[in-house]
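This report walks through one structure.

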Amino acid sequence: MEIVDFIAAIEEEFEDLNPGDVSPNSVFRDMEGWSSMHALIFVALIDSKYDVLLNGDELKSCVTIKDLFDITFLKINGGGANT
Amino acid sequence: MKRLANKFDLGSSIQYLSYYLPQLAMDNNLLAEQFVGKKAKELFDISGVKTRHVAAKGVLGSDLAISALELLQKEHPNFSLKEIDFLIVSTLVLDYNSPTTASVLHHKLGLSSACGTIDLPQGCSGFLYSLSVAEAMITAGNARNVLILLGEVPTKAIHSEDIVLRSIFGDAGAAIVVSENPTKSIGKFTFATFGDGFDFLKVERGGGRNPIDEAWIKKYSDQENQLSFGRIEMNGLEVLRFALKEIPGFLDQTLVKNGLTLSEIDFFIFHQASAMILKSLQRKCNIPEHKFISNFEDVGNTVSCSIPIALKKAAELGNLKKGNKIVLIGFGIGFSCIGTVIEW
């Protein structure tokens, strides 16, 4: 699991994003037109791609795309129950 | 006591199905006018819905159900209400807390006094719960023709500034007749309840536990009906997590119970909860896109009416062929899940 693939999946999922728009340090809540629904899209995307279901606290703890990647990576490697 | 064998032990099928949408079709342009600074495209991006229908002031779910029944009678002139010996009504906004809305509709429709009536207000699972009871009543020999009436007016329990819920939900009615049939075309049902999720999707102040009081009426005095039917509150993340966590396994259980595999199914119709949930479940359950029926963007989430509407629209488009096997999965408030397989 590489962060470049993670970012590519995000850029593919959002119609308004082009390749290169997102970097590991991008603050996802600052993305243009951000709403709570976009957070749900992240959760659904991560679940579908990595079989990891983030919960509300985990989502709240993330600020950047790298944070999302790290917590997903941690859960894949047994660093948290998939609840 | 030995039960007599009887001709009702054969099976049941969906005989007739019609739905009704209120006249006011609120597209994203119309809805966007009510939110300062919002554009129609943003509302579509939020919800995946192009149009949702909104019932007029004073119109309740039972009224929409009757309108659907009137359409059914027009579409099937040979159908007679005299044949109905059991009525099931599913609506989240009841006419009265008591008696049942089914009793009220029994009177309005002039049904036989020998006709049984129950309410099954099971939200988005309401249609399939009603279908399971209808099927059980018929196969047990307790009824021959069951009328299921569904009517939903979620728009009356949504705060006018709640952009997400107003984008997603729409009002509708549906009428379904389930009859005894020598060829059993309704399969076995699977059920699941995750009651620990009851608080994540609910109609707040809709009942006796925490009733509407003066402060509530004052707080919502600017709303069309002071939210006097209660207010729908949804934790979108938890609803999504519930669907993603439970529905794929639940689909497998439904297939196993009916002795079928995924590849043997012609079509899948899931409760039309939200565009994102549908897309995610289709991916996660490995359902080919052409087999996954969705009309969410045309009507939004119409609660118990969503599966019947999707079924009817698919039939009208000529997509369903006789003998097709269709998986139906309902899920929602409770949290509840129900699934079955029907043969068209």
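## Two domains

Chain B is assigned domain 1 (7–180) and domain 2 (190–343); the bounds come from an automatic or database domain assignment. This is a predicted model, where local features need pLDDT of at least 70, side-chain atom pairs count only at pLDDT 80 or more, and totals for chains, interfaces and linings use all residues. Residues are numbered from 1 along each chain as its sequence is written, while chains are lettered from A and ligands numbered from 1 in the order in which they are written.

The C-alpha centres of domain 1 and domain 2 of chain B lie 14 Å apart. Each side gives 43 residues to the contact (C-beta atoms, placed from the backbone, within 7 Å).

On the domain 1 side of chain B, the elements giving two or more residues include strand S1 (12–20), helix H5 (126–139) and strand S6 (145–152). Helices (H or I, at least four residues) and strands (E, at least two) are DSSP runs, numbered from the N terminus. H5(B) gives the largest share of this side, five residues.

## The nonpolar core

The largest nonpolar core has 116 residues. Such a core is a set of buried Ala, Val, Leu, Ile, Met, Phe, Trp, Tyr and Cys residues joined through C-beta atoms within 7 Å; buried means 20 or more other C-beta atoms within 10 Å of a residue's own, with C-beta atoms placed from the backbone. B:Leu87 and B:Leu149 are among the members that touch the most others. Helix H8 (residues 236–257) of chain B gives the most, eight residues. Both domains of chain B give residues to this core, so it lies between them.

How values were computed:
Buried ≥ 20, exposed ≤ 12 C-beta atoms within 10 Å, placed from the backbone. Contact = placed C-beta atoms within 7 Å.
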